[in-house]
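Morning, everyone. Let's take a quick look at packing in this one. Here it is on the screen.

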Amino acid sequence: NLVVVDVECTCWDDKSHSRDEMEIIEIGASVIIGNKVIEKASFYIKPVINPVLSNFCTKLTGIKQETVASADTFTNAFNKFENWVKEHQANHGIDTIQTLASWGNFDINIINKLSKRNGYDCFLTDKEHVNVKDYFVEKYSEFKGNKLFEHCLNHTGLKFEGSPHSGADDAYNIARMIVNSNFDFNKKVEPLKHYSKNYKRK
């Protein structure tokens, strides 16, 4: 049983803004219970540093300005996310879901960074984090193609469902890959830094 998370952030196609200005605008999540992908969900966050999304960001993520303008604060969005996870735990008779999964470390790193910035004690920090990308590389070491997530997903025999760079759809497809590939997260694998640097976040 695990929670899969994928976040979308404010972004630009030039160097007019630093990475320190990036803010989460969508928490995309999916839940795996008993080796089945149960559901996906989005929790939107209103950006504070740069409240107006760039055209590049809107085109990339599909998130509209009016969506974030009326969205929750960082803390409220994560509280709703936590309650959503707890509902699934209760519905399936699970005390707690111990494992958090993402494609790469970017998502958990920026969640931790912005949680500290917002003075929020994030419930995800208590969970064991697994980098699905590491497990893909370990299991499919023969794969030499384009390392974008969609291409990696295709290599496992699956086609992407939904819209790339939608946090919810990305999380859902990561969950599908996990179930389809039957990754053994009890087995520790070498971090991705020991492999090709061409493996992209998405």
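**Cores and a helix pair**

Start with the largest nonpolar core: it has 31 residues. By nonpolar core I mean a set of buried Ala, Val, Leu, Ile, Met, Phe, Trp, Tyr and Cys residues joined through side-chain atoms within 4.5 Å. Buried is under 20% relative accessible area, with a 1.4 Å probe and protein chains only. The residues with the most contacts inside this core are Ile-24, Ile-27, Phe-78, Phe-81, Trp-84, Ile-111 and Leu-124.

A word on the source: this is a predicted model, where local features need pLDDT of at least 70, side-chain atom pairs count only at pLDDT 80 or more, and totals for chains, interfaces and linings use all residues. Residues are numbered from 1 along each chain as its sequence is written, and side-chain values use heavy atoms, leaving out hydrogens and water.

Which elements give two or more residues to this core? Strands E1 (2-9), E2 (24-33) and E3 (36-44), plus helices H3 (74-91) and H4 (106-117). Helices (H or I, at least four residues) and strands (E, at least two) are DSSP runs, numbered from the N terminus. H3 gives the largest share, six residues.

There is also a second, separate core of 25 residues. Val-4, Ile-32, Val-137 and Ala-171 are among them.

Now the helix pair. H5 (residues 132-139) and H7 (residues 167-181) pack at about 40°, axes 11 Å apart. Axes are lines fitted to C-alpha atoms over the stretch in contact, and angles run from 0 to 180 degrees between N-to-C directions.

How values were computed. Buried < 20%, exposed > 50% of the residue type's maximum accessible area, 1.4 Å probe, protein only.
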